[in-house]
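Morning, everyone. Please have the model open.

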Amino acid sequence: MDSIAIIGGARLEGEIPISGAKNSAIKLMAASLLTDEPLRLTNMPRLADTHFLGKLLLRLGVSVIESDGPDGPQTVLHTPEIIGSIAPYNLVRQMRASFNVLGPLIARTGQAKVSLPGGCAIGARPVDLHLKALEALGARIELHEGYVYAQAPRGLKGAQIDFPFVSVGATEHSMLAAVLADGVTVLTKAAREPEIVDLAQCLNAMGAKVEGAGTDTITITGVMRLHGADWAVVPDRIEAGAFACAAAMAGGDVRLTAVRPEHIRALLDHMRAAGCQIDETADSVRVRRGTERLRATDITTEPYPGLATDLQSPFMALMTMAQGESVIRETIFENRFMHVPELARLGADITVSGGEARVNGVERLDGAEVMATDLRASVSLVIAALAARGETKVHRVYHLDRGFERLEQKLGACGADVRRIKHGGEEL
Ligand code: EPZ
């Protein structure tokens, strides 16, 4: 397993181009199952998660061709025919969002057998809302030996689906299933994340009729068939937010490009309150910080447009050296403070009680060996390490590779001392 070694203390200067959003790309890839024509996705991030999903889609009959096209990295997905309808445990376990192939498989073939994803490092993460939504659309669902067996031999039917609380995955999954259903589906308390809007717009480019994405009520009028399309994946707001925190932590002057600042509005507001200088254009964010300490700032994670749970650990890393005490409340996942003991190894002073962490800013952090536990936790360790004295080694960086493309190169180009140590000790 690779590690990343960081020598802290370098100020960052330069530009960081933001990639396409992982959490959108993987749902758009699943949408390719809904048509027998090619779906060309541009601005595609090259990540372990897109690679895993590509492997699963291949088994289901999708040809997945990655290349550098005229608009940069692209993936063309083409499913002339579904040749399998089983998503096995060993693939779904590696990447839980592959569970989202269930809806498109039932919509297109009337049946599917997909492994339940199980829990993960940040919480139990049940899929009950996904299954209830598919049942409301007329699928017969049975659970046996860790698998969901779903059948809808006469096709799915439009339905009213009232979610009890906001779920990004269940909203996306319902959209993916309902676009080919017979009749109208209405989703209430729908998630409003930019990835939902991206999926809805891509489905509409494929001939679907999805209205209201970006609000809490989405209406989907089913159509008989979808066709191919070209779609550019929305910029990754979580990658952008994490690099904004990295720039502020290290200090310096960094411009994030190919980004939609409005998608990280909540984070940027908190960063300004903490004392960072932030300038925005329509597609870039410049983050500056001098040598002064930041001010402690409280945050609470919320569904969009609130502060994203995926940016909680990056912001916490930033607060470890701020002046005063910040209170960080996590309301989305029940176990999302796994980075706290690792940040403490670098010298951070953090106390956790239930869903609340109190971060007492310290004047210095010192490099140490730390362990990544999940994707966003890993990046918080990298961010803290950029300001720590001496060397930090972050182990188990495969978590990082799931969602950050060329992280070492992007930070290195701005002057950070970051290098990857390949499994076996070879440094790159
Ligand atoms: C998506 O997960 C993202 N993953 C997560 O990013 C992100 O943290 C999360 O949305 C919240 O923004 C992908 O898009 C692949 P949810 P998702 O359904 O869809 C509970 C990352 O690092 N719930 O909105 O799984 C659930 O347990 C990942 O990129 C149920 O109880 O999140 C959680 O407490 C981590 N039953 C809450 O709802 C259900 O059926 C919100 O989860 C579904 C969810």
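**The ligand site**

K27 has a polar side-chain atom 2.8 Å from an oxygen atom of the ligand. That is a polar contact, meaning a pair of N or O atoms within 3.5 Å. D128 has a side-chain N or O atom 2.7 Å from a nitrogen atom of the ligand. V168 uses its backbone: an N or O atom there lies 2.7 Å from a ligand oxygen.

The protein buries 87% of the 820 Å² that the ligand exposes when taken alone. Those areas are Shrake-Rupley values with a 1.4 Å probe.

A caution on the source: this is a predicted model, with local features needing pLDDT of at least 70 and side-chain atom pairs pLDDT 80 or more, while totals for chains, interfaces and linings use all residues. Numbering runs from 1 along each chain as its sequence is written, and side-chain values use heavy atoms, without hydrogens or water.

Now the shell. There are 24 residues around the ligand, counted when a heavy atom lies within 4 Å. D128, S167, G169, D310 and I332 come nearest. Helix α1 gives the most, four residues. Helices here are DSSP runs (H or I, at least four residues).

Where does the ligand lie relative to domain 1 and domain 2? Between them, because both domain 1 (3-19 + 235-421) and domain 2 (22-232) give residues to the shell. The domain bounds come from an automatic or database assignment.

**The ring pair**

The whole structure has one aromatic pair, with ring centres required to lie within 6.5 Å. F243 and F404 have centres 6.3 Å apart and planes at 80 degrees, so the pair is edge-to-face, the class for over 60 degrees.

Technical notes:
A polar contact is a pair of N or O atoms within 3.5 Å; within protein, one must be able to donate a hydrogen and the other to accept it, and residues adjacent in sequence count only if both atoms are side-chain atoms. Helices (H or I, at least four residues) and strands (E, at least two) are DSSP runs, numbered from the N terminus. Rings of Phe, Tyr and Trp (its six-membered ring) pair if their centres lie within 6.5 Å; planes under 30 degrees apart count as stacked, over 60 as edge-to-face and the rest as tilted.
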